[in-house]
Amino acid sequence: MRLFVAAWPPAEVVSLLAELPRPAVKGVRWTRPDQWHVTLRFLGNVDDVESVVEALRAVRAARATAVMGPAVGRFGHRVLHVPVEGLKEVAGAVVAATAGIGEPPDDRPFRGHITLARVADRARVDLRPLAGTALSASWPVDEVALVVSRLAPTGARYEIVDRFTIAV
């Protein structure tokens, strides 16, 4: 199973994100509201889901506040996103608990974000006009979710396997 661990924004934040303009741009695939999350750790293909569940049951971190914004940004020429701060400690606790499971953890600093759109592999799209819209919100994070990602031509479909309280 293709797995990742995520923090999901509450309905009011999803509604705020849904109000953002989403113009039709050739080569840009907009993500759907049911896909909006902050990935804390991508595990990749894992056969033993129970080992991940056991590891996540042990995760403890101080209750965090996710702070979204201040504006829509981009990662290079491929991803349009909204930055999310405040989850570094939670992501670190998840990585520490799951370090020996799945793909090796990223060796770069954690950059929380919610992906809004992706550019198709061969498309040449200038994302700069789509970035910059001011947007801010915050929400408490006291649980993480283990998620199965099923890839499809219309975009990934996510199914929550289990949720884990992390607050100490």
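The model is predicted: local features require pLDDT of at least 70, side-chain atom pairs count only at pLDDT 80 or more, and totals for chains, interfaces and linings use all residues. Residues are numbered from 1 along each chain as its sequence is written, and side-chain values use heavy atoms, leaving out hydrogens and water.

**Overall fold**
- The protein contains three helices and 10 strands (DSSP runs, H or I of at least four residues for helices and E of at least two for strands, numbered from the N terminus).
- Their order along the sequence is β-α-β-β-α-β-β-β-α-β-β-β-β.
- The C-alpha trace spans about 45 × 30 × 30 Å along its principal axes.
- Of the 168 residues, 42% count as buried (under 20% relative accessible area, with a 1.4 Å probe and protein chains only).

**Largest pocket**
- A pocket is an open set of points on a 1 Å grid over the protein atoms alone where a 1.4 Å probe fits, with protein on both sides within 12 Å along at least five of seven lines; lining residues have an atom within 4 Å of a point.
- The lining comprises 38 residues, and T39, R108, H113, T115 and R118 lie nearest the pocket centre.
- Elements that each supply at least two lining residues include β3 (38-45) and β7 (113-119).

**Residue V144**
- V144 belongs to strand β9 (residues 143-150) and is buried, with a relative accessible area of 1%.
- Beyond neighbours within four places in sequence, V144 is in contact with residues including V5, L40, V90 and F164 (heavy atoms within 4.5 Å).
- The C-alpha atoms of V144 and R74 are separated by 25 Å, the two residues being 70 residues apart along the chain.

Terms used: Buried means under 20% relative accessible area, exposed over 50%, partly exposed in between (1.4 Å probe, protein chains only).
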